[in-house]
Amino acid sequence: MKTPDDFLISFPMRTNYMYGRVKKTLMQEIFAFTLCLWIKPGMGPGLGTPFSYSAPGQSNEIVLIEWGNNPIELLIDDQSVTLPLSLTDGKWHHVCVAWSTRDGHWEAYQDGVQRGSGVNLSSWHSIKPGGVFILGQEQDTLGGRFDATQSFMGEMSEVQLWSHVLSFSDIHSLASCGSHLQGDVFAWTEAEVELHGGVTRHPYDPCH
Ligand SMILES: *[C@@H]1O[C@H](CO)[C@@H](O)[C@H](O)[C@H]1NC(C)=O
């Protein structure tokens, strides 16, 4: 059954003014997270920036970016790792990245399968509260200073953030549409995602 929360947002071209903004912020620091989304990138080169979180004093607190011909990277507190994901075949993919302050352990999943993991990514850091969650753009200041060359083009849906590391089976069931887990930091609802600059919303259920 379709609900108002079955939707995608579409970025028809690369600009420095089209973006989505999650109305919620982070209310307190967190020591781990899992970010999941469904994504269908448009034409390259590069994915651009599907997701960024800037915090007061650190514009690159959490960034998922593929800039130009560089590989996909996850940045935390401006430190980066390369993610072994391949998303540019024109199809929908389910992506999750998880991180924990403990040893800076990270994991990357594509379509419910773990593609990579590692340690020492901003170990013992905490994700700072009071920042801005932006979809489709990389932020050089809190909520702004976007760069068209780093912008996302394509479609995304079900972008959600948890304040803990999801289990392998939770991620697998999200990717195979076996569950409707809701992010505790933010979930995917029309009321929570604000669209700017010509980003459009369309009915879509990635699990149809
Ligand atoms: C992570 O950092 C610790 C402390 O600096 C170091 O001992 C360890 O070898 C590093 N591990 C990896 C896999 O880089």
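Guide: A nonpolar core is a set of buried Ala, Val, Leu, Ile, Met, Phe, Trp, Tyr and Cys residues joined through side-chain atoms within 4.5 Å. Keep in mind that this is a predicted model.

Visitor: Which residues of the largest nonpolar core touch the most other members?

Guide: That core has 42 residues, and those with the most contacts to other members are Phe33, Phe51, Leu83, Ile127, Phe133, Leu135 and Val159. Strand E3 gives the largest share of this core, 4 residues.

Visitor: What does Phe33 touch, leaving out residues up to four places away in sequence?

Guide: Its partners are Ile62, Ile76, Val97, Ala98, Trp99, Ile127, Leu161, Trp162, Ser163, His164 and Val165. There is also a second, separate core of 7 residues, and Cys36, Trp162, Ile171 and Leu174 are among them.

Visitor: Is Phe168 buried, exposed or partly exposed, and why?

Guide: Phe168 lies in helix H1. Phe168 is called partly exposed because its relative accessible area is 49%. Leaving out residues up to four places away in sequence, Phe168 touches Tyr109 and Gly112. Phe168 and Gly44 are 124 residues apart in sequence, and their C-alpha atoms are 30 Å apart in space.

Visitor: Why does Glu66 count as buried?

Guide: The cut-off for buried is under 20% relative accessible area. Glu66 is buried because its value is 13%. Its place is in strand E5, residues 58-66.

Visitor: What does Glu66 touch, not counting residues up to four places away in sequence?

Guide: Glu66 touches Gly46, Leu47, Gly48, Pro71, Ile72 and Thr88. For Leu47 there is a distance to read: a polar atom of the side chain of Glu66 lies 2.7 Å from the backbone nitrogen of Leu47. Sequence separation is another thing to check. Glu66 and Gln150 are 84 residues apart along the chain, while their C-alpha atoms are separated by 7.8 Å.

Visitor: Where is Glu192, and is Glu192 buried or exposed?

Guide: Glu192 sits in the loop between H1 and strand E13 (193-196). Glu192 counts as buried because its relative accessibility is 15%. Leaving out residues up to four places away in sequence, Glu192 touches Arg21, Val22, Lys23, Lys24, Phe186 and Ala187.

Visitor: How many cavities of 30 Å³ or more does a search of the whole structure find?

Guide: The search finds 1 cavity of that kind. The largest cavity holds about 110 Å³ of space.

Visitor: Which residues lie nearest the centre of the largest cavity?

Guide: The lining has 14 residues, and Trp38, His94, Glu158, Gln160 and Leu174 lie nearest the centre. By type, the lining divides into 8 nonpolar, 4 polar and 2 charged residues. E3 and E12 each supply at least two residues of this lining.

Note on methods
Residues are numbered from 1 along each chain as its sequence is written. This is a predicted model: local features need pLDDT of at least 70, side-chain atom pairs count only at pLDDT 80 or more; totals for chains, interfaces and linings use all residues. Side-chain values use heavy atoms; hydrogens and water are left out. Buried means under 20% relative accessible area, exposed over 50%, partly exposed in between (1.4 Å probe, protein chains only). Contact means heavy atoms within 4.5 Å. On a 1 Å grid over the protein atoms alone, a cavity is a set of points where a 1.4 Å probe fits but cannot get out, and a pocket is an open set with protein on both sides within 12 Å along at least five of seven lines; lining residues have an atom within 4 Å of a point. Grid points are joined across faces, edges and corners, and a volume is the space filled by probe spheres set on the points. Ala, Val, Leu, Ile, Met, Phe, Trp, Tyr, Cys and Pro count as nonpolar, Asp, Glu, Lys and Arg as charged, and the others, Gly among them, as polar. A polar contact is a pair of N or O atoms within 3.5 Å; within protein, one must be able to donate a hydrogen and the other to accept it, and residues adjacent in sequence count only if both atoms are side-chain atoms.
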